[in-house]
Amino acid sequence: MSNDTNLIASDIEEYLRVHENKDMMRFITCGSVDDGKSTLIGRLLFDSKMIFEDHMAAIEKDSKKFNTTDESFDLALLVDGLQSEREQGITIDVAYRYFATEQRKFIIADTPGHEQYTRNMATGASTCDLAIILIDARHGVQVQTRRHSYICSLLGIKHVVIAINKMDAVDYDQDVYKKIKDDYREFAKQLNIADVRFVPISALKGDNVVNQSENMPWYPGSPLLRLLNTVQISSDDNKQFRLGVQYVNRPNLDFRGFAGTIASGEIRIGDIIEALPSGKQSKVKEIVTFDGNIDVAYQGMAITLTLEDEIDISRGDMIVRPHEKPQSTKNFEADVVWMDETALHVDREYIIKVGSNSTVGSVTAVNYQTDVNTIEQKPANQLALNEIGSCNFEVAKEVQFDAYASNRATGAFIIIDRLSNATVGAGMIKQAIEGKAESKSDYSDFEVEFNALVRKHFPHWEAKDILKG
């Protein structure tokens, strides 16, 4: 029996305490259609004995109807839960699964492989520490492989495991594995990924997923699960303290606290802090949590800070250390993933939300649109659904941020449609722009103001067409 199993049998409270303090890793599985993403996750859960008996019974029953393999038990059905997914044998939406080993806890995001679901894939990748990119051993590096690798790099994932799947279909040939490995390494030179590892697997048969494969004695490395257990991700965290204020807690005259989740770094009682954008400074008096007051708080903890001095801090402000200030600007350049059927247009006003700070802003220029299949940068004046590009933004009030490459939590933002209140895009800030952002609009100042008024009441009309008419 494992240590966890022994603890469950002997001391459930101690097991829960140990489980709560385990390191957490979030990872994404991606790759081309039918590369075996859902089957791989099913194999991880199955071989790790993380499936309840009633769930097993239900999957065995569904396998008789939806089975896409020659096996009696279709592992992909453990993840593909939508009726349309099971009928087509593909993943459409992001599916999250949870499991744990003795070393750490995991949250898995199983994302679609189809190009039309790029926004779903980007959503799943945005919070992940590691990506498993599957490659079918029969086909090698494909267009989708390059596309997903680029998106993972764009979204700041620093650790990638290339799982060369379906090795059983190529008779576990070492030369096939080596060729795919060399091809991917050559392509990855264009990407900003620090840690790339390779493992040959068969998700269907279980080779090198949880247990070492006897069919590939030529592979000297660890099976996939051991890699997931040992990859060091704590060093990726930004050490500068950032707390975006989400709520000002004032239950009575004697208490005024500033609540939020620590985006990065740590804070202790007695530390000097500065509130932005006001620039006012004070000292931490208390760190209040749901479980009581503590002396020190770390990244990811939801806390309420009380201060020695009465200073004006509101929702959307950022609390930092005076010597670790982020950038502050009204004009910035960012990479954008567009997620709406209606294209992104220059000079149309949107709500720009950076952390808990919301402001009105617009895109002043589309610098280029990236062909995610070839990583080629093409001229563009708008972004359509699932397209990715670089844009210049101008916002009504200053936002505080770190470049996304150095701090994903404070460098990310979402774009919200002002009329429908729907999230239409996601952005990653690259840098501030000195002075006023360049505008590529063909409108005069009057036309810009008139266009904003027209779009408020008639979203699909263009001001210039009305003026010409």
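This is a predicted model: local features need pLDDT of at least 70, side-chain atom pairs count only at pLDDT 80 or more; totals for chains, interfaces and linings use all residues.
Let us turn to the strands. They form an open sheet of 6 strands in the order E2-E3-E1-E4-E5-E6, and the pairing is mixed. At the edges stand strand E2 (95-100) and strand E6 (195-200); each has a single partner strand, so one side of each is left without a neighbour in the sheet. On average, and with direction ignored, neighbouring strands of this sheet are turned by 25° against each other.

Strand E5 (residues 159-165) pairs with E6 in the parallel sense over 6 bridges. Ala163 has Val199 as its bridge partner in E6.

## An enclosed helix

Helix H3 (residues 37-47) has 9 of its 11 residues buried, so it is largely enclosed by the rest of the structure. The buried residues are Lys37, Ser38, Thr39, Leu40, Ile41, Gly42, Arg43, Leu44 and Leu45. They pack against strands E1, E2, E3 and E4, and also against helix H9 (224-230).

In soluble globular proteins, nonpolar side chains tend to be buried together. Here the largest nonpolar core has 66 residues, of which Phe27, Ile132, Tyr184 and Leu228 touch the most other members. Strand E4 (residues 130-136) gives the most to this core, with 6 residues.

Not counting residues up to four places away in sequence, Ile132 touches Phe27, Ile28, Thr29, Cys30, Leu40, Val161, Ala163, Leu224 and Leu228. Leu40 is also one of the buried residues of H3, and Ala163 is the residue bridged to Val199 in E6.

## A buried threonine

Is Thr410 buried or exposed? Thr410 has a relative accessible area of 6%, and because buried means under 20%, Thr410 counts as buried. Thr410 lies in helix H10 (residues 408-411). Leaving aside neighbours within four places in sequence, Thr410 is in contact with Arg242, Ala263, Met318, Val354, Gln400, Phe401 and Asp402.

Note on methods:
Residues are numbered from 1 along each chain as its sequence is written. Side-chain values use heavy atoms; hydrogens and water are left out. Helices (H or I, at least four residues) and strands (E, at least two) are DSSP runs, numbered from the N terminus. Buried means under 20% relative accessible area, exposed over 50%, partly exposed in between (1.4 Å probe, protein chains only). Contact means heavy atoms within 4.5 Å. A nonpolar core is a set of buried Ala, Val, Leu, Ile, Met, Phe, Trp, Tyr and Cys residues joined through side-chain atoms within 4.5 Å. Two strands pair if DSSP finds at least two bridges between them. Axes are lines fitted to C-alpha atoms, for helices over the stretch in contact, and angles run from 0 to 180 degrees between N-to-C directions.
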